[in-house]
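Thank you all for coming. I would like to take you through a few local features, with the cut-offs stated as we go.

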Amino acid sequence: LILSYPPSLSVHTHPASAPSFSISRSKSMEGATEELRQVLSTPPPNWQPPTGAPVNSISILHASLEHIRATGDERYLFLRTILEVLNNHGFVGGSTTASVVPAPTPLSGDEEQLLFHCATGLRHVILFRWDMFIPSFRDCVRDFLLSVGLGGLYTSSESNGTLMSSLPRTVSMACLSCAASMWKRGWVNTNSTTISPTDDGQAYLESMMAISLLSSMKRFFVSNDVGAGGAGQQDLFAYLNATISSSFNGSSNQLQRQQYRSAMAASFLSLLVGEFTGGNSSARYNLPLEFHRLCHQVFESGNEDATLSLGVANERRSGLDKTLDLAMSSLSSLVGYILSESSATTDEFLLEMGSSIINVALDVLSWEFGARGNKLDFSSAKKHGG
């Protein structure tokens, strides 16, 4: 992906030489995009291009991206840029009670590509340095990206429910993919370290996301306090089920908005299942193969100890069971809706949702039972602790 930068940018710092980041309450987002663009146009310290390869803006871009990811993005440039761009264009930060929500302004091509890189870079940094982040901050980032991917602040619309503007699909799917990876990472309690994370601005960024920018977002309080299979994960399936079902029984003046959110929720469910099968995930977790096998096993059969603590027999169902139930009920509702609404066969969001739900159902029905199934490859984990 090619990013072009305006010549007027004047920030000359690089994460490698930056001190620990202390966020000013008045400027937590301000200038993040310019700073990141300047960093991405500057060769990282001690970088040398491959022998015989030309030095150009693309090679510098990818080298700088890799450098930020490898050094942990000490200045939170990935996250701050996401917040700044979304806020500047009106995708977050507006009123959730207004009868008419102003349409966000479209992203430029450069901004779309930049946000894609930020979402994938943020995923890498958090997964690789999981224990360096405060649990509530991790949860907030995960929930914020899920909400943004599903449509953010209502997915801007007029009072008649006509969809006016949404994020480019590449950005929405990158946000949902990051959220799905973070859900998997927290699905089981690994007890991998005794490191105590330090709050170097995380609490303030959390308040920016949850209070100032997207106060209406759904929060799932999971971390490792409840454990695998706990209440937060059950809440996730209930939320996805309600979101997908809303496109079949919502009011007519909200229908298109709800259908869009339903389609994106179905896409997220497909991404989530893909993380556990290992067949279609590009995430790197910096954990051994045993972690992936454990996640596969727990998603398949549930964690008896954690679910018993909830005291509700129905909650002992595994993630795989709940996914299949959600997929089958959604397909049934979709077929019924299509038969009763002649225009449904031409609705792009319903067709997209149906395609994603069918993919989820196929993934579940073709599930390799047992943690040593042939499909449980995770080749990157074998070689690189992925």
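The side chains of D139 and R142 meet in a salt bridge, with 3.3 Å from N to O, where a salt bridge is defined as a side-chain nitrogen of Lys or Arg within 4 Å of a carboxyl oxygen of Asp or Glu. This is a predicted model, in which local features need pLDDT of at least 70 and side-chain atom pairs count only at pLDDT 80 or more, while totals for chains, interfaces and linings use all residues. Residues are numbered from 1 along each chain as its sequence is written, and side-chain values use heavy atoms, with hydrogens and water left out.

D139 and R142 are separated by about one helical turn, because they lie 3 residues apart in helix α5, residues 135-150; helices here are DSSP runs of H or I with at least four residues, numbered from the N terminus. D139 is buried at a relative accessible area of 6%, and R142 is likewise buried at 4%, where buried means under 20% relative accessible area, exposed over 50%, and partly exposed in between, with a 1.4 Å probe and protein chains only. R142 also forms a salt bridge with D143, at 2.9 Å from N to O, and D143 is buried with a relative accessible area of 1%.

Another salt bridge joins the side chains of R169 and E352, at 2.4 Å from N to O. This pair links distant parts of the chain, since R169 is in helix α6 (residues 169-185) and E352 in helix α13 (residues 348-365), 183 residues apart. R169 counts as partly exposed, at 43% relative accessibility. Through shared partners, salt bridges join D139, R142, D143 and R219 into one network, and a search of the whole structure finds 7 salt bridges.

Let me turn to a single residue. Is T243 buried or exposed? At 6% relative accessibility, T243 counts as buried, and its place is in helix α8, residues 231-249. Leaving aside neighbours within four places in sequence, T243 is in contact with R261, S262 and A265, contact meaning heavy atoms within 4.5 Å.

Finally, a helix pair: helix α2 (residues 57-70) and helix α4 (residues 109-128) pack at an angle of about 35 degrees, with their axes 9 Å apart; the axes are lines fitted to C-alpha atoms over the stretch in contact, and angles run from 0 to 180 degrees between N-to-C directions. The contact is made by L65, I68 and R69 of α2 together with H117, T120, G121, H124 and V125 of α4.

Note on methods: Helices (H or I, at least four residues) and strands (E, at least two) are DSSP runs, numbered from the N terminus.
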